[in-house]
Amino acid sequence: MATDQLPEDEQARPQALIMLTGLYLFLLLVSIGSYGQPIALFGLMLEDTAARIFIAANSLCCLYLFLGLWQRQLLTWYLLLSYNLFEIANTLVTLVWLPRQELERVQGAPVDQLSLVITNLATVAAIAWVSHLIYRRRELFTNRSPYLFFNG
């Protein structure tokens, strides 16, 4: 029997999908690991309860994205692009609007402005590159069910 005639769960998983799934598992673990830490959101520094709520919601989004990638869910393709666009917008707005002094207060150490700009722009470039790859590989998302654990 040819590989393309096998049921979806028995087909070889493409390398690009394995790498994307691993990336979003990593993002899930990073999000969970940052629970309780201050986080920047569109130019504001969230701390305490607000930061915990945001990080919990972000962790749930990352969990959904990881599981959706694992299940090759088409809805996840749209959500990945939306999530990445949100992350790019958040990074750029925070870079422009969040005062360096606020970062220094939260970190308790001086922040080099040039390093901050370079790091954030590199992050934006990486997210944009991953988004471009996701956009081009839509055909990998073969599960048309709107439910994570049911193939439609």
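**Entry 1: helices and strands**

I counted five helices and two strands in the protein. For these I used DSSP runs, numbered from the N terminus: helices are H or I with at least four residues, and strands are E with at least two. Read along the sequence, the elements follow the pattern α-β-β-α-α-α-α. I noted that the model is predicted, that local features need pLDDT of at least 70 and side-chain atom pairs pLDDT 80 or more, while totals for chains, interfaces and linings use all residues. Residues are numbered from 1 along each chain as its sequence is written, and side-chain values use heavy atoms, with hydrogens and water left out.

**Entry 2: the whole protein**

I looked up the extent of the C-alpha trace, which spans about 65 × 30 × 20 Å along its principal axes. Of the 152 residues, 34% count as buried. Buried means under 20% relative accessible area, exposed means over 50%, and partly exposed lies in between (1.4 Å probe, protein chains only). The protein exposes about 9,400 Å², of which carbon and sulfur atoms supply 66%. Accessible areas come from the Shrake-Rupley method with a 1.4 Å probe, and for residues only the protein chains shown count as cover.

I then turned to contacts, meaning heavy atoms within 4.5 Å. Among contacts between residues at least 6 apart in sequence, 72% join residues at least 24 apart.

**Entry 3: the cores**

Which residues touch the most other members of the largest nonpolar core? I found L20, Y24, L69, L80, I134 and F141, in a core of 15 residues. Helices α1, α2 (48-70), α3 (74-97) and α5 (113-136) each supply at least two residues of this core. A nonpolar core is a set of buried Ala, Val, Leu, Ile, Met, Phe, Trp, Tyr and Cys residues joined through side-chain atoms within 4.5 Å. In soluble globular proteins, nonpolar side chains tend to be buried together.

**Entry 4: helix α2**

How many residues has α2, and how far does it reach? The helix has 23 residues and reaches 33 Å from its first C-alpha to its last, close to the 33 Å expected at 1.5 Å a residue. The expected span is 1.5 Å times one less than the number of residues.

The buried residues of α2 are A51, F54, I55, N58, S59, C62, L65, F66, G68 and L69. Their cover includes α1, β1 (39-41), β2 (44-46) and α3. After α2 comes R72, whose phi is positive, near 60 degrees.

I found a nonpolar surface patch of about 260 Å² made by L25, L29 and I32. Patches are made of residues with over 30% relative accessible area and no salt bridge; like charges are joined within 9 Å, and nonpolar side chains (Val, Leu, Ile, Met, Phe, Trp, Tyr) within 5 Å.

L25 is found in helix α1 (residues 15-33), and L29 is also found in helix α1. Are L25 and L29 exposed or partly exposed? L25 counts as partly exposed because its relative accessibility is 31%. L29 is exposed, since its relative accessible area is 52%. The C-alpha atoms of L29 and C62 are separated by 8.8 Å, although these residues are 33 apart along the chain.

**Entry 5: salt bridges**

I recorded four salt bridges in the structure. A salt bridge is a side-chain nitrogen of Lys or Arg within 4 Å of a carboxyl oxygen of Asp or Glu.

R100 forms a salt bridge with E104, the closest N and O atoms being 3.2 Å apart. Both lie in helix α4 (residues 100-107), four residues apart, about one turn of the helix. R100 is partly exposed at 33% relative accessible area, and E104 is partly exposed at 21%.

R105 and E102 meet in a salt bridge of 2.8 Å, N to O. They are separated by about one helical turn, because they lie three residues apart in helix α4. R105 counts as partly exposed at 45% relative accessibility, and E102 is partly exposed at 24% relative accessible area. Salt bridges that share partners join E47, E102 and R105 into one network.

Finally, I noted the salt bridge between the side chains of R137 and E139 (3.0 Å, N to O). R137 counts as partly exposed at 31% relative accessibility.
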